[in-house]
Amino acid sequence: MEEPNDRIEANVRVLRDADGVENNEENLSDDDDDNRSTSSSSSSSTETSQIMLNQLRSNDPELTTLCMDSIAIATIGSEWMEVGQDIGRNTHLELISFHHVHNMSREDYAAVFHGMGQNRSIRDLDFLRSDMLEGRFFSLLIPIFERICQLTIEDCFLGLEGSILLSNALGGCSGSFMEEVNLDRIGSGETGIVRIIQALRVHSNLEKISCRGNEIGTCGCKELLDLLPNQKNDHQLITLDLGENFVGGDGASLLASGLNNESSTTTHLNLDGTHIDMKGFEAFANLLRSPFSRLKSLSLNDTFINEEELVVLANSLIHNSMLTDLHLNNTDITYRGLQVFSLVLSCDTSGLNLLSLRNNRIKNKGAILLANSLIGNRTLSRLDLANDVSITSKGWKAFSKILGGNRRTIMVTYRCNHTLQTLLGDEWTLSGDLMLLLLMNREGNKSHVARQKIIKYHLHGSFDMQPFVDMDLRTMPHVIAWMGRDGISLLYHFIRNMQSNLKFNPGAKDDCPMTKRVKIHTRSDGRGPEGYIGDWWHDKLSFE
């Protein structure tokens, strides 16, 4: 006879075996689902590419961007001549992008470029993370370079030979409409990028040049001077991005001197991570003090700036009303550095509208310092302190106070900051009160902003009536007119609150406004009695 324990063990084995079968089936089912999902995604991408090619062939006006990726290339197969002809006949295409392309031959490229040469609507050409065949097809692009407005080659290795071939193609243009060139991380080295910069001289319509991560040093900066607008050329460069290069102090000095002339049109300069030293900062300080400086945006992210260099930079900004955007993300700014910038923010001659300090551990002490410097600031609308975990609720509370959340007096609320609108990229992580104040400040009419804050923090609920008891009689009509400007609800609330909270002093003087019965005659424009001047209720707040 089978023992009970034996039967239990047998049942357990059966259950385990069953679970194993089910788990295997589930795993197989999961694998099947993954395979089906991958297959479905691939099929969907292929269908999308086929639809795009059909739109190209039919000259569909909705097709303005032709993306040549690996799936589109596989869909085309050997029909490159037909695709090139379709591109040549198309009248709606604006952009052709080669994205992650690694299996196109020079003949395939030639077919596409032949069609682009016949096309008159394409304005932009992009190569992103693609095999450039060491630039062997660049000679085919000369007629295209003469017509397009934007060229982007990003994260594509050219090497010295490919860079020389690109420079020959760019320099071989007889005329150009090109307005923007982005050549980021193309593996050219400084020798190769210098050749390309020299070739860009014939493109006088360029408004933006980006050459990030190309080992540009002093020699490259010297060549760039010929592309900066001055009395000797007709260039009109607006944006220059040289981030992630080896600019250094000498290169920065050259650039600063090139931008310091009355013909300058350059307003945006990016020098992220370029190892600028004191010599470079002194040169830029001279530029920022110059009446010829047109810089509106300066980016120095990922650049270690010591206190002495920061003092030089900050002092040049105190009387600069032109520079509106300054980016100092991840620059290890010290508390002493923040003290220097607090002076800039508290000065009404500075024009800064955006100060970005992301990834700097400024802590609560620094946050409080920055907040207090913004009490009277009327220009800075964006202070970016994202990714700073060193700031706690204590630091953020300081910003609440200077925005009007201190609730001390009506006058303090009126005089608080009504300009600052953003503090973080993800502001929903801030407290509800601080977020509400920032949203209030986004209202264009600052008098209306002040009014809303006064109503929220001083004329809501059971508020203090003492300021109204002590108010001069001539001022009271203006206060009542101000309350009734948007309707009668606030005025009604005021009267009800007065009835329930105001306690009259029987021994009060006869000239106390609230002990007299006053018949108020307001003018038709709501300003109160004729001839009355009133206090800040009338003079400070807008009644228009």
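Serine 342 sits in helix α12, which covers residues 335-345. Helices here are DSSP runs of H or I with at least four residues, strands are runs of E with at least two, and both are numbered from the N terminus. Serine 342 has 8% relative accessibility, so this residue counts as buried. Buried means under 20% relative accessible area, exposed means over 50%, and partly exposed lies in between (1.4 Å probe, protein chains only). The side chain of serine 342 comes within reach of the backbone oxygen of glutamine 339, at 2.5 Å. Neighbours within four places in sequence aside, serine 342 is in contact with Leu369 and Ser373. Contact means heavy atoms within 4.5 Å.

The model is predicted: local features need pLDDT of at least 70, side-chain atom pairs count only at pLDDT 80 or more, and totals for chains, interfaces and linings use all residues. Residues are numbered from 1 along each chain as its sequence is written, and side-chain values use heavy atoms, with hydrogens and water left out.

How confident is the predictor? pLDDT is its confidence in each residue, from 0 to 100. The chain averages a pLDDT of 83, and 78% of the residues score at least 70. Over residues 1-5, pLDDT stays under 50, and the model has one contact beyond four places in sequence for them. Over residues 512-544, pLDDT also stays under 50, with 65 contacts beyond four places in sequence. Where pLDDT is low, the predicted coordinates should not be read in detail.

Now the whole chain. It has 21 helices and 12 strands. Of its 544 residues, 47% are buried. Take the contacts between residues at least 6 apart in sequence: 80% of these join residues at least 24 apart. The chain exposes about 26,900 Å², and carbon and sulfur atoms supply 49% of that area. Accessible areas come from the Shrake-Rupley method with a 1.4 Å probe; for residues, only the protein chains shown count as cover.

Leucine 354 and serine 381 are 27 residues apart in sequence, yet their C-alpha atoms are 6.4 Å apart.

Asparagine 359 has a phi near 55°, a positive value in a residue other than glycine. With a relative accessible area of 37%, asparagine 359 is partly exposed. The loop between α13 and β12 (382-384) holds glycine 376. This glycine 376 is exposed, at 52% relative accessible area. Glycine 376 and asparagine 417 are 41 residues apart in sequence, but 6.2 Å apart in space, C-alpha to C-alpha.

Histidine 100 also has a positive phi, about 55°, although it is not a glycine. It is found in the loop between β2 (95-99) and α4 (106-118). Histidine 100 is partly exposed, with a relative accessible area of 39%.

Next, the aromatic rings. The structure has 10 aromatic pairs. Phenylalanine 137 and phenylalanine 138 form one that is edge-to-face, 5.2 Å centre to centre with 65° between the planes. Rings of Phe, Tyr and Trp (its six-membered ring) pair if their centres lie within 6.5 Å; planes under 30 degrees apart count as stacked, over 60 as edge-to-face and the rest as tilted. Phenylalanine 137 is buried at 0% relative accessibility, and phenylalanine 138 is buried at 0% too. Tryptophan 396 and phenylalanine 399 form a tilted pair, 6.1 Å centre to centre with 40° between the planes. These two are three residues apart in helix α14 (residues 393-405), so about one helical turn separates tryptophan 396 from phenylalanine 399. Both tryptophan 396 and phenylalanine 399 are buried. Ring pairs also link Phe98, Tyr109, Phe113, Phe127, Phe137 and Phe138 into a cluster.

Last, the cysteines. The whole structure has zero disulfides, a disulfide being a pair of cysteine sulfur atoms within 2.5 Å. Is cysteine 416 buried or exposed? Its relative accessibility is 3%, so cysteine 416 counts as buried. Cysteine 149 counts as partly exposed, at 22% relative accessibility.

How values were computed: pLDDT is the predictor's confidence in each residue, from 0 to 100. A polar contact is a pair of N or O atoms within 3.5 Å; within protein, one must be able to donate a hydrogen and the other to accept it, and residues adjacent in sequence count only if both atoms are side-chain atoms.
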